[in-house]
Amino acid sequence: MKCWFAAPQPICEPGRIADADDLAALHAIAFRHGWPAAEMEALIADPSVLVVVAREGRTPFTRRPVGFVMVRAAADEAEVLTLAVAPRRRGRGIGRLMMDEMIRRLYFLRVGALFLEVDEGNGAARALYQRLGFREVGRRPNYYGGSGGSTANALVMRADLK
Ligand SMILES: CC(C)(COP(=O)(O)OP(=O)(O)OC[C@H]1O[C@@H](n2cnc3c(N)ncnc32)[C@H](O)[C@@H]1OP(=O)(O)O)[C@@H](O)C(=O)NCCC(=O)NCCS
């Protein structure tokens with residue numbers, strides 16, 4: 001039986017300046033070092049930065065961001081600046097949906113390669129990137145600082161889009 005009360009599927013849209021507070025809040029939950037809303041605003045307004053936001057809600061007026069990805073493009077290469085999904089919405093394909101949409105946009109902008117850095121111990125992110133066709137092209141030992149002086153390696157990954 002179809003459940004008429006089930007939440008509608010999220011939709012992916014470009015980020016707007018008005019999203020800055022929501023994106024800063026999503027980022028603060030996902031990462032140790034938050035980005036203030038003013039920084040988010042500057043990134044959204046930057047013409048070299050592409051922002052895809054996943055929104056959930058029944059109407060355009062009630063839709064709220066549940067995830068976002070930001071990419072900086074320069075010539076025919078681009079780099080993922082950040083990617084986050086609200087903790088209670090993870091594991092439902094939203095990260096994949098947003099990355100697919102971002103890659104589609106980059107493809108139409110004739111961007112040939114997309115790079116990113118990921119914590120070697122971040123299994124969820126690595127699984128997602130592997131599914132999307134990223135491959136490891138470098139490693140930065142002790143790149144991320146953790147609590148109590150601990151460190152973690154960063155993997156540099158690349159996906160060819162053409
Ligand atoms: C990484 C993150 C964005 C993934 O978003 P998500 O919406 O949960 O991911 P999805 O549900 O789209 O999953 C995508 C794929 O990764 C796999 N995956 C997701 N979470 C996983 C986990 N914890 N363990 C193993 N595989 C996982 C899924 O199986 C899926 O594969 P499939 O398409 O073959 O089914 C999310 O976990 C997050 O916000 N983490 C905190 C912030 C972060 O680490 N960002 C990345 C920084 S580089």
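Does Arg110 count as buried or exposed, and at what relative accessibility? This is a predicted model. In it, Arg110 has 67% relative accessibility. The cut-off for exposed is over 50%, so Arg110 counts as exposed.

The backbone at this residue also deserves a look. Arg110 sits in the loop between helix 3 and strand 5. Its phi is positive, about 65°, although Arg110 is not a glycine. Most residues other than glycine have a negative phi. The positive value comes just after helix 3.

Step back now into helix 3 itself. Helix 3 covers residues 94–108, which makes 15 residues. At 1.5 Å a residue, helix 3 should span 21 Å. The C-alpha atoms at its ends are 22 Å apart, which agrees with that expectation.

Which residues of helix 3 are buried? They are Ile94, Gly95, Met98, Met99, Glu101, Met102, Ile103 and Leu106. The list includes a glutamate, Glu101. These buried residues pack against several strands: strand 1 (11–14), strand 2 (49–56), strand 3 (64–74), strand 4 (77–85) and strand 5 (113–119). They also pack against a helix, helix 4 (123–131).

Take the helix partner next. The axes of helix 3 and helix 4 come within 11 Å and cross at roughly 45°. That angle makes helix 3 oblique to helix 4. The crossing is right-handed. Which residues meet there? From helix 3 come Gly95, Arg96 and Met99; from helix 4 come Leu128, Tyr129 and Arg131. By class, the contact has 3 nonpolar, 1 polar and 2 charged residues. Gly95 and Met99 take part in this contact, and both are also among the buried residues of helix 3.

Further along the chain, turn to strand 6. Strand 6 runs over residues 135–145 and holds Asn142. Like Arg110, which has a positive phi without being a glycine, Asn142 is a residue other than glycine with a positive phi, here near 55°. Arg110 lies in a loop, whereas Asn142 lies in a strand.

Leaving out residues up to four places away in sequence, Ser150 touches Tyr144 and Gly145.

Conventions: Residues are numbered from 1 along each chain as its sequence is written. This is a predicted model: local features need pLDDT of at least 70, side-chain atom pairs count only at pLDDT 80 or more; totals for chains, interfaces and linings use all residues. Side-chain values use heavy atoms; hydrogens and water are left out. Helices (H or I, at least four residues) and strands (E, at least two) are DSSP runs, numbered from the N terminus. The expected span of a helix is 1.5 Å times one less than its number of residues. Buried means under 20% relative accessible area, exposed over 50%, partly exposed in between (1.4 Å probe, protein chains only). Contact means heavy atoms within 4.5 Å. Axes are lines fitted to C-alpha atoms, for helices over the stretch in contact, and angles run from 0 to 180 degrees between N-to-C directions. Angles under 35 degrees count as roughly parallel, over 145 as roughly antiparallel, 65 to 115 as roughly perpendicular and the rest as oblique. A crossing is left-handed if the near helix is turned anticlockwise from the far one by less than a right angle, and right-handed if clockwise. Ala, Val, Leu, Ile, Met, Phe, Trp, Tyr, Cys and Pro count as nonpolar, Asp, Glu, Lys and Arg as charged, and the others, Gly among them, as polar.
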